[in-house]
Protein chains: 2
Amino acid sequence: MSKGLPKRSENYSEWYNELVKRADLAENSAVRGCMVIKPYGFSIWEKMQRALDDMFKETGHTNAYFPLFVPKSLFEAEEKNAEGFAKECAVVTHYRLKTDPNNPGKLMVDPEAKLEEELVVRPTSEAIIWNTYKTWIQSHRDLPILINQWANVVRWEMRTRMFLRTAEFLWQEGHTAHATEKEAMEETKQMLDVYAKFVEEWMSVPVIKGYKSANERFAGAEETLCIEAMMQDGKALQAGTSHFLGQNFAKAFDVKFQNKEGKLEHVWGTSWGVSTRLMGALIMAHSDDNGLVLPPKLAPIHVVIVPIFKGEEDLAAIKAVIDPIIKELKSYGITVKFDDNDANRPGWKFAEYELKGVPVRMAIGKRDLENGVIEVARRDTLTKETRSLDGIAVYVKDLLEEIQVAIYKKAFHFREENMFKVDTWAEFEEKIEQGGFLLCHWDGTSETEEKIKELTKATIRCIPLDATEEEGKCVLTGNPSNKRVVFARAY
Amino acid sequence: MSKGLPKRSENYSEWYNELVKRADLAENSAVRGCMVIKPYGFSIWEKMQRALDDMFKETGHTNAYFPLFVPKSLFEAEEKNAEGFAKECAVVTHYRLKTDPNNPGKLMVDPEAKLEEELVVRPTSEAIIWNTYKTWIQSHRDLPILINQWANVVRWEMRTRMFLRTAEFLWQEGHTAHATEKEAMEETKQMLDVYAKFVEEWMSVPVIKGYKSANERFAGAEETLCIEAMMQDGKALQAGTSHFLGQNFAKAFDVKFQNKEGKLEHVWGTSWGVSTRLMGALIMAHSDDNGLVLPPKLAPIHVVIVPIFKGEEDLAAIKAVIDPIIKELKSYGITVKFDDNDANRPGWKFAEYELKGVPVRMAIGKRDLENGVIEVARRDTLTKETRSLDGIAVYVKDLLEEIQVAIYKKAFHFREENMFKVDTWAEFEEKIEQGGFLLCHWDGTSETEEKIKELTKATIRCIPLDATEEEGKCVLTGNPSNKRVVFARAY
């Protein structure tokens with residue numbers, strides 16, 4: 001680390017970009033809008049994947065894999081979906097390069113290897129999957145189909161930011177098929193609950209569950225449910241979506257089943273996804289001016305132990321005491337790094353592990369050894385204490401659990417403080433500049449939503465599932481409304 | 001199952017294709033040469049992934065993720081690599097579709113959204129990764145870099161077959177960078193050993209480790225090591241490769257490091273990969289005319305229990321006895337399916353689970369219950385026995401371990417029987433028609449290898465690592481040779 005991070009209060013955006021790079025999470029690549037996810041960043045993503053995958057399997061889903069490419073004729077079959085993604089898709093038109101005759105050593109597209117039909121690199125897989133489901137589904141006995149896929153997708157975004165918006169990103173996409181509307185809607189809601197549970201309990205980020213307005217709905221869905229999280233600058237980040245597709249894709253791809261009464265019906269569908277965007281949410285929800293703050297459940301290293309020593313003898317004495325502690329910690333499933341690399345000074349290490357968000361740091365020197373104590377530092381609060389070596393492993397195990405909860409509470413408290421009931425337009429304009437979630441009445445029209453976006457860059461993040469019915473007037477038009485929705489600027 | 005599989009002895013190729021489809025492993029998709037990996041097939045692949053990933057991590061590697069796309073200028077930087085893959089790569093030329101004005105409801109490539117530089121969909125990632133390593137490596141302290149990536153890659157193969165050769169496939173690709181030639185060569189060999197261990201111990205498929213001849217070497221490598229397995233038709237299947245890249249990519253991408261003496265040197269590299277092709281090897285090595293035979297370590301379901309019952313009362317009595325057995329089996333990490341679905345008859349179920357390769361099937365009816373016994377059937381040998389219910393869970397646990405070994409031994413024995421020392425050309429021509437591996441002297445020239453391929457379709461599968469030195473004459477030319485190599489027809 002040559003110098004400190006930019007401060008959040010001074011330049012939040014720069015702080016984020018620098019943090020992503022310096023903490024070795026990701027970096028921009030030679031390919032426009034595509035990032036390289038570096039080993040440390042990827043190890044956090046792997047933990048997310050494992051936890052989510054377990055939750056998907058617990059709820060009866062299995063993984064499968066569908067092609068990367070979508071032939072244009074399938075891509076365009078569901079009209080709204082096609083319209084939504086056509087503007088930003090990568091298109092494969094040729095299947096060969098050849099030596100450029102005018103430029104020895106260089107290659108060019110071989111005009112003789114033009115595809116008969118262009119292939120779209122999947123921006124999402126409903127089209128290719130529903131075209132497959134067509135052959136899998138004949139009878140109600142073939143339903144439900146509960147499939148998930150871990151994959152890369154490409155959306156040719158013009159303005160990209162690492163993790164938050166990249167041309168290629170990694171995600172999972174669930175695609176389910178059901179015999180009834182009710183069952184499909186239950187699945188849509190179940191998966192939203194799975195996402196909310198994961199984001200709250202693993203990422204320690206509180207979320208609001210709600211419906212998207214028509215403007216923000218997934219192209220091709222009847223209803224989009226989402227979870228919205230607040231970042232430290234008061235902006236919203238959509239952390240996951242679960243779509244009720246109705247019979248739209250079944251109709252576009254002619255997917256019918258014989259019901260128990262022997263009648264043919266179109267199948268009902270859902271799709272749901274979370275992506276490497278969650279990494280962005282994780283970083284922006286908790287980290288500080290010293291670097292990452294990671295919830296223990298997702299931290300690649302839970303505890304780092306830094307010995308303070310001069311020479312091999314000191315180190316050996318420390319090791320003799322620390323080794324059994326490390327062993328005990330590991331027996332609790334805790335990942336420990338003992339950093340005795342003498343090329344770096346302890347102060348440098350402290351800063352480095354703060355930057356990397358290691359939840360607990362312990363340091364021990366010769367005198368500590370004599371006194372039977374060790375220094376324990378918490379990354380989330382940046383506090384330190386000296387503890388007896390007796391029972392230290394159990395203490396640290398409990399501390400990690402405490403940190404997991406503390407981080408959540410801190411984020412929850414921050415959100416509470418930055419969520420406002422707003423009833424007048426003047427107040428809306430003032431508050432939106434300060435950042436935060438504005439709970440407002442809205443007249444339910446797309447026109448009003450668009451007008452508000454135009455005036456303030458704020459959009460409806462969601463219509464909360466648990467919104468209470470109350471009489472009110474639209475914050476912009478004064479037209480009647482019966483519940484408050486969440487407005488915010490968003491990533 | 002409408003009717004039985006084609007027989008291996010009558011049409012091996014059709015047997016394979018039908019088995020892949022009927023056992024719900026994979027199917028062809030709407031995209032030329034790309035397959036859909038179905039849930040049952042994918043769950044086997046997931047087990048492979050998990051085991052391999054653990055082995056990579058144990059040997060010090062971490063995962064990361066690099067972009068799907070390789071800009072043409074990077075793709076062409078390492079000349080031999082570019083030459084090797086240019087002929088079969090998917091090329092993205094545009095980033096948008098638009099409504100076709102002559103064809104309402106249809107989309108077309110938007111000519112205004114042409115990329116300045118074409119993007120190649122990665123057929124392998126050396127180029128994009130070494131271009132990244134350039135910025136990561138300055139000093140010997142930055143080495144080694146030991147990274148693996150799980151990804152999809154695309155090679156525009158003209159003749160495709162599910163799992164064995166598909167336009168898109170899933171794989172892992174390790175890419176490592178080292179300070180010395182020796183270390184890079186050790187890594188190359190270490191990863192070959194990891195692959196051999198996995199294929200032999202998890203897949204129960206014996207392999208021969210060896211060097212590829214220059215003709216069969218990876219484009220851009222100095223040396224390619226491989227493991228070769230024999231399929232039941234006597235053909236060879238390359239199951240994994242590990243490449244010593246020398247300094248080729250370091251030179252192409254100008255990747256240098258300062259060594260301990262302060263001098264700049266080019267970095268040494270390796271790459272290594274296995275793919276969903278392993279699924280093809282697994283299927284073709286063990287399965288029979290009744291369906292899949294899976295080694296227990298990779299079977300999604302280890303044990304299926306089929307109750308033979310008439311009515312709820314029978315079933316309840318069976319369940320009361322079987323439930324604790326299932327519980328005990330699960331406590332050993334064994335996956336059990338209890339199939340009491342009364343829509344299908346037991347005979348249908350037996351055939352179905354044979355098709356799916358479930359290693360152990362148990363069946364129990366009312367009379368068995370009275371006698372305190374259960375029928376245990378082994379998938380690999382198709383043998384049945386009646387066993388006491390006492391201690392049955394432990395028996396099955398041991399049986400699964402026995403099956404894992406038995407499958408390996410059977411495949412090993414088959415290979416031994418179909419591997420021949422051949423010293424004359426007449427014998428070569430005769431034996432190669434029967435299938436199998438021919439151990440022959442070869443004069444070491446590419447010309448001879450090509451001539452033999454032309455005449456017999458056989459290639460050098462590898463020059464075994466453990467080949468003994470012996471004086472001999474090339475089987476085709478009679479020129480001197482000092483060791484035998486493996487010739488075979490290959491997938």
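Predicted model: local features only at pLDDT ≥ 70, side-chain atom pairs only at ≥ 80, totals over all residues.
**Exercise 1.** Find the domains of chain A, then state how far apart the centres of domain 1 and domain 2 lie.

Solution. 
- Chain A splits into domain 1 (12–286), domain 2 (298–409) and domain 3 (419–488).
- Taken over C-alpha atoms, the centres of domain 1 and domain 2 of chain A are 39 Å apart.

**Exercise 2.** Describe the interface between domain 1 and domain 2 of chain A by residues and by buried area.

Solution. 
- Count the residues in contact: 18 from domain 1 of chain A meet 10 from domain 2 of chain A.
- Turn to area. The two domains bury about 1300 Å² between them. Carbon and sulfur atoms carry 63% of that area.
- Now pick out the leading residues of domain 1. A:Tyr40, A:Lys47 and A:Ser204 lose the most area to domain 2, together 44% of what that side buries.

**Exercise 3.** Find the salt bridge between the two domains, and give the count of polar contacts.

Solution. 
- The count of salt bridges between domain 1 and domain 2 of chain A is one.
- A:Asp24 pairs with A:Lys356 in a salt bridge. Their closest N and O atoms are 3.6 Å apart, inside the 4 Å cut-off.

**Exercise 4.** Which helices supply the side of domain 1 that touches domain 2, and how do its residues divide?

Solution. 
- Helices H1 (12–22), H2 (39–58), H6 (181–201) and H8 (277–286) of chain A each supply at least two residues.
- H2(A) gives the largest share, five residues.
- By type, this side of domain 1 has 10 nonpolar, three polar and five charged residues.

Note on methods: Residues numbered from 1 in each chain as written. Chains lettered and ligands numbered in written order. Heavy atoms only, no water. Domains from an automatic or database assignment. Contact = heavy atoms within 4.5 Å. Buried area = accessible area lost by both parts, 1.4 Å probe. Salt bridge = Lys/Arg side-chain N within 4 Å of Asp/Glu carboxyl O. Polar contact = N/O pair within 3.5 Å; in protein donor to acceptor, adjacent residues only side chain to side chain. Helix = DSSP H or I, 4+ residues; strand = E, 2+ residues; numbered from the N terminus. Nonpolar A, V, L, I, M, F, W, Y, C, P; charged D, E, K, R; others polar.
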